[in-house]
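Morning, everyone. Please bring up the structure on your screens, and we will walk through a few parts of it.

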Amino acid sequence: MEFIFYFGDVFTPINFGLLLIGTIGGLILGATPGLSPTMAVALLIPFTFQLEATQGLILLGAAYTSTVAGGAVSAILLKIPGAPANIATTLDGHTMAQNGQGTKALQLSFLSSAIGGIFGVMLLIFLTPVLAKWALAFGPSHLFWLAILGVTVIGTLDSKSVVKGLLSGCIGLWLATIGFDDIMGAQRFIFHDALGGGINIIAALIGLFAIPQVISMFAKGRQDEGAEVLEVQKHSILDAFRELLRFPRAMGIGMATGSIIGLIPGVGGQIAGLVAYDQTKKFSPDTEKFGKGHPEGVIAAEAANNAMVGPSLVPLLTLSIPGSPTAAVLLGGLLIHGIFPGSDLFDNHPDVAWTFINSMLIGQVLMCLFGLYVAGLAARVAQVPQSLMAAVVLGLAVFGSYSVQSSMGDVYVMAALGIMMYFLERFGFSAAPLVLGLILGPIAESNFIQGSMIANATDGMVPYFLTGGLNIFLIVVVVVSVAYSGWMELRSRRFVSKEELMV
């Protein structure tokens, strides 16, 4: 009875119906390449004009949480991340699908998404005042070092060589400079009119992951015409639970990383899954299995990108500072209904705030149930012939790239980056570090410039960027991350050399 009393407003017929619509619609939108959580929420805002504030937020919140999880479907089955948050999921999830373990990968992704999402919302419920004060501690210098920390992750991310991983990241950092500088207004590397607004991250994401896949599938299509159809292995939900319990380290790292990164305003959840994947790989005794279809990679990535959802709303609801692009769109949804988030939100509109938060908690459970239900059916996509699959993926890639800004320029950029990535992969380079550099570039650059302005007006560059407890902590973590990546590279080379001598 206490449960019904606490969640009673969520289970009214209209509210619960909107929660179901938002959850199912979000899963479908998330699985569609190009339709990011931010775009999904933005598309639904016009439908909330005639709804009450609580009802509109329930619809938007459900779409937010389930779209992040739904992006794993295309990431696993097609190797096209449904959103930037699902990049890390492709690294092991797609390999599992190619090995006939698509059902298992999808089940693990939805289970870990639900657990991570519930953990993030629980933090939002119980620790909002404390976390809001902590989020304010991050200034431009701290965000700059956080971006640099992300860059150090590049070296070991889905790459057999630290050097090639870092070079891929550097290419991504260079691509991030194309367009007009947001702060200084300078024009940089605009070779074509399509590059005037810079490289859109969604178009780049689709091109870098989808186009090399399409070219490879077209190449293999005729060769595999007589090949046997891949058998999709059945996998029970109970076995998926057992598999999840085997990797508590991955789940813990994913939830902790996602919660911390989601809380920091302006960083967004794009890097949560990648950082969690990298840290899980470094702490795992089975490092060599990552990238080859290891369940730990899927669990860590999906736990992280859903754990960041709840904390990303802490700065929004308490300080009116959106913690992510999607939270910024949710802010617009609040303002439309005359509700101004801030310290008085929970005093003046407690029914709206708590019903919205509680609906996100229930929404995580519904998302998991629907996801597990369709996992077995969705995994059969792996049985589609390569030539037909290539045509479908190419169509989705063009649609997804065009739909972001209704611009053919984005389609051209997507195709050019995809062809470039196809040849880079032939030389051992990887798409994941390149995308991470593209995401982190604007964060690092804008915060360095802002920090420089503040530093020049105060004590100078060195004290501003190199002193203070949080700065020093982040710098130490950066140094340790670089040193560990180098040590892992040397250890793997020594191991290979010993094997060759034994042979």
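Predicted model: local features only at pLDDT ≥ 70, side-chain atom pairs only at ≥ 80, totals over all residues.

I will take a helix pair, then some salt bridges, then one more helix.

Start with the helix pair. Helix α5 covers residues 87-98, and helix α6 covers residues 102-126. How do they pack? Their angle is about 145 degrees. Their axes lie 7 Å apart. Now the residues that touch. From α5 we have Gly93, Met96 and Ala97. Across from them, α6 brings Gly102, Lys104 and Ala105. Sort that α5–α6 contact by class, and you get 3 nonpolar, 2 polar and 1 charged residues.

Hold on to Lys104, please. Lys104 takes us to the salt bridges.

How many salt bridges are there? The count is 6. As background, side chains of opposite charge can pair when their charged atoms come close. Take Lys104 with Glu243. They form a salt bridge, and their closest N and O atoms are 3.4 Å apart. Glu243 sits in helix α11, residues 237-245, while Lys104 sits in helix α6, so this pair ties together parts 139 residues apart in sequence. Are these two buried or exposed? Both Lys104 and Glu243 are buried. For Glu243, the relative accessibility is 10%, and the cut-off for buried is under 20%, so Glu243 counts as buried.

Glu243 has another partner. Arg246 forms a salt bridge with Glu243, with 3.1 Å between the closest N and O atoms. Arg246 itself is exposed, at 55% relative accessible area.

Arg242 and Asp239 meet through their side chains in a salt bridge, 3.2 Å from N to O. They are 3 residues apart in the helix, so about one helical turn separates them. Asp239 is partly exposed, with a relative accessible area of 31%.

Last stop, helix α20, residues 386-405. Which residues of α20 are buried? They are Met389, Ala390, Val393, Ala397, Gly400, Ser401 and Val404. Look down the axis of α20: these buried residues fall within an arc of 100 degrees, so they line one face of the helix. In general, an α-helix has 3.6 residues a turn, so residues three or four places apart point the same way. And just after α20, Ser406 takes a positive phi of about 50 degrees.

That is my tour. Thank you.

Notes
Residues numbered from 1 in each chain as written. Heavy atoms only, no water. Helix = DSSP H or I, 4+ residues; strand = E, 2+ residues; numbered from the N terminus. Expected span 1.5 Å × (residues − 1). Buried < 20%, exposed > 50% of the residue type's maximum accessible area, 1.4 Å probe, protein only. Arc of directions from axis to C-beta. Axes fitted to C-alpha atoms, helices over the stretch in contact; angles between N-to-C directions. Contact = heavy atoms within 4.5 Å. Nonpolar A, V, L, I, M, F, W, Y, C, P; charged D, E, K, R; others polar. Salt bridge = Lys/Arg side-chain N within 4 Å of Asp/Glu carboxyl O.
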